[in-house]
Amino acid sequence: MCPAGEPSSVGRVTATPRATTPPTPAAPSAVAPGTTRTGGSKPPRSTPPQRPVGRIPVQDVRPCVDNGARPAASVVGEELTVTATVFREGHDAVNASVVLTSPTGTETLVPMTLVNPGLNAWEAVIAPDELGLWSYRVEGWSDPYATWDHDASIKVAADIDSELMLEEGARVLERALAEVERPAAARTLLEDAVTALRDTRRPPQARLHVGTDPAVRTELHDRPLRDHVSPSADLPLLVERERALYGAWYEIFPRSEGAVQDPETAKWTSGTLRTAAKRLPAIADMGFDVVYLTPIHPIGTTARKGPNNTLDAGPDDPGSPYAIGSPDGGHDAIHPDLGTFEDFDAFVARAEELGLEVALDIALQCSPDHPYVTSHPEWFTTRADGTIAYAENPPKKYQDIYPLNFDNDPAGAYAEVRRVIQVWIDHGVKIFRVDNPHTKPVEFWQWLIEDVARDHPDVIWLAEAFTKPAMMHTLAKVGFQQSYTYYAWRNQKWELEEYVRELAGDAAAYMRPSFWPTTHDILTPYMQFGGPAAWKLRAALAATLVPTYGIYAGYELIEHVARPGAEEQIDNEKYQYKNRHWEDYEPGGPKEGQSLAGYLTRLNEIRRAHPALHWLRNITFHHVDDENIMAFSKRRVLPDGTEDVVVVVANLDPHSTRESMVHLDMPALGLGWQDTVAAHDLVTDQSWQWGENVYVRLGPETEPVHVVEIRRF
């Protein structure tokens, strides 16, 4: 429950579009018959542990993150639904508004709609249009015009107190003219209505008709007369750039891009940042927005891991890039095999030329050879025998990694990490993918993200925290704009629908999911044994269920073989080089046509062309008779008034072609139940005529997924 505000229960708000609550009059004044007193002496107030409820109770304002202690999240132009419970005593009309306050202090009044009269549930859609920290509150208020409209319509029709009701209506409209600023045309409209209501030469019904004309009602809706305004507490709303919500990521190990193996000696030569830059045009051509680099820092030699996570690394094995630090430097250095900062700057510049942002992996852990081990031993945990504790997640052991301890010297450790982050910001990095943030103090992340945002509000943080929900959600609440999710392990229809509803529901106020079908750490049995249909399906779902998704290099080659006993790839890039011979899959190459690159390209083209897929909260699931086929849609009304509607139908069984009936929720598509529409499959270029009930046939024999654009005839 969000905290209540300190209600201005006797104030009257009249300004539109700006919303201000004038001070309570110092002394009561005479009240003319037929009007409502809104000034006068202040009523006595309740005292703690009670808090004043307000003249018009306003309750359960949402979104509200941790009782208003943390901001809700949005991006520029994204629609956000604000809801509240607003009611009052008796039978007089009650109304509600959202007051949206911009970072510069401009207040805008947004009318709310009563969506469930029985539960007094109100809602309004807001869409902040600039970056920065906004706030919003809900104001409940008595609606004198609606009260009169309701009562007069009944009484005049029954010829009960007709003249009195018409005079009271005229006085309400006079107040609306005197107390609320209006354009000239609106003033003329209300002045004419006042004259008509008092024109005794005309029948009462005709006079009432003028006072309740739709144009008058619209004017009083848009610029209302508000009595007994009672505000909720102001709640924070952080509005960020679109990439915080929407984007397609592509992950690479830079040392593999351009790596070559001598066919005679089997010795590898590492790829470099310069050779990795040669891969950027292909990544951009596939339509990705972000290229994500695993750690590029020097790697330790002590307890270095060999191929497939073995403990017997040879002299030429490169080790895990997550075992950061050597005599060549630490987190603020570049591995000598990869190049120099000049090379890194060239990589970032080339990415920008191609429309790509660079995301850098931040893994706050050290190899035993990291300079910190000798310069700052207090930043590690020392065991009883005097040794430094290495990372463990029983039964897993990471002998090549020392976790940082943030409690022995928090001021020093915090400041050093902040310095390291600034190094990379100064070299053009605006996105950080954070490895295992759930193993570091949450308050550290809260401080770091906030401190960086003061000078660099465009920096985005992705949390790689595959852990319990409370930690994942809290990391999002304290500032991580994006989060990895359980998507890789949600394969059944009921699992996916339940999970996405959770993510697109209340959690969407602070947590933005990123869906990855595979990563360098994750290769589920579904992907190991599902064949090409599974790899198409999981990419398509990731790309359309949520606005941000990611692909790990090699996905297009369907790299499905796992290391025995593990759910990750064999010959994993974490421990060795991998030359994928991309040229073999190009036109004319020996493996032409054996890549999903074209499929991924098409998915990203669809995403860019359809703004409905850029949002999270606008998803609707539709019923399908077959429990293995899932259908959902996304709909968005664009600024020019046109609608973008995409329907996705997916066969979740990668082994069988299935037929079924899809039953569309037509109103969710902006349609009537009897409407028929043009349905165009954006993947196959097929077209059909669809109505409420649709037959589909999907699977490995055809295509596993329909991605359909809906247009009216």
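I began with helices α15 and α16, which are roughly parallel to each other, a label I give to angles under 35 degrees, with over 145 counting as roughly antiparallel, 65 to 115 as roughly perpendicular and the rest as oblique. The model I am reading is predicted, and for that reason I took local features only at pLDDT of at least 70 and side-chain atom pairs only at pLDDT 80 or more, while totals for chains, interfaces and linings use all residues. Residues are numbered from 1 along each chain as its sequence is written, and side-chain values use heavy atoms, with hydrogens and water left out.

**The pair α15 and α16**

I noted that the axes of α15 (residues 531–545) and α16 (residues 597–609) come within 10 Å and cross at roughly 15 degrees. Here axes are lines fitted to C-alpha atoms, for helices over the stretch in contact, and angles run from 0 to 180 degrees between N-to-C directions. Helices (H or I, at least four residues) and strands (E, at least two) are DSSP runs, numbered from the N terminus. I then looked up which residues make the contact (heavy atoms within 4.5 Å), and found Lys536, Ala539, Ala540 and Ala543 on α15, with Tyr599, Leu600, Leu603 and Arg607 on α16. By class this contact has 6 nonpolar, no polar and 2 charged residues, where Ala, Val, Leu, Ile, Met, Phe, Trp, Tyr, Cys and Pro count as nonpolar, Asp, Glu, Lys and Arg as charged, and the others, Gly among them, as polar.

I followed an open sheet of 8 strands in the order β30-β29-β32-β27-β26-β25-β28-β31, with antiparallel pairing; two strands pair if DSSP finds at least two bridges between them. Its edge strands are β30 (687–690) and β31 (693–698), each pairing on one side only. Neighbouring strands of this sheet are turned by 30 degrees against each other on average, direction ignored. Within the sheet I checked β29 (residues 677–681) and β32 (residues 705–712), which run antiparallel and are joined by 5 bridges, and I saw that Ala678 stands opposite Arg711 in β32. Helix α15 packs on the sheet, where it touches β25 (619–624), β26 (629–637), β27 (643–651) and β32, and its direction makes about 30 degrees with that of β26.

**The pair α1 and α5**

Next I turned to α1 (residues 144–157) and α5 (residues 214–222), which pack at an angle of about 150 degrees with their axes 11 Å apart, and are therefore roughly antiparallel to each other. Tyr145, Asp149 and Ser153 in α1 meet Val216, Arg217 and Leu220 in α5, and the residues of this contact divide into 3 nonpolar, 1 polar and 2 charged.

**Aromatic pairs**

I recorded a count of 29 aromatic pairs, taking rings of Phe, Tyr and Trp (its six-membered ring) as paired if their centres lie within 6.5 Å, with planes under 30 degrees apart called stacked, over 60 edge-to-face and the rest tilted.

**Backbone entries**

Most residues other than glycine have a negative phi, and most peptide bonds are trans. The peptide bond from Pro48 to Pro49 is cis, with omega near 10 degrees, and Pro49 is found in the segment before β1 (58–62). I also noted a cis peptide bond from Arg62 to Pro63, with omega near 0 degrees, Pro63 being in the loop between β1 and β2 (72–75). Asp66, placed in the loop between β1 and β2, has a positive phi of about 50 degrees although it is not a glycine.
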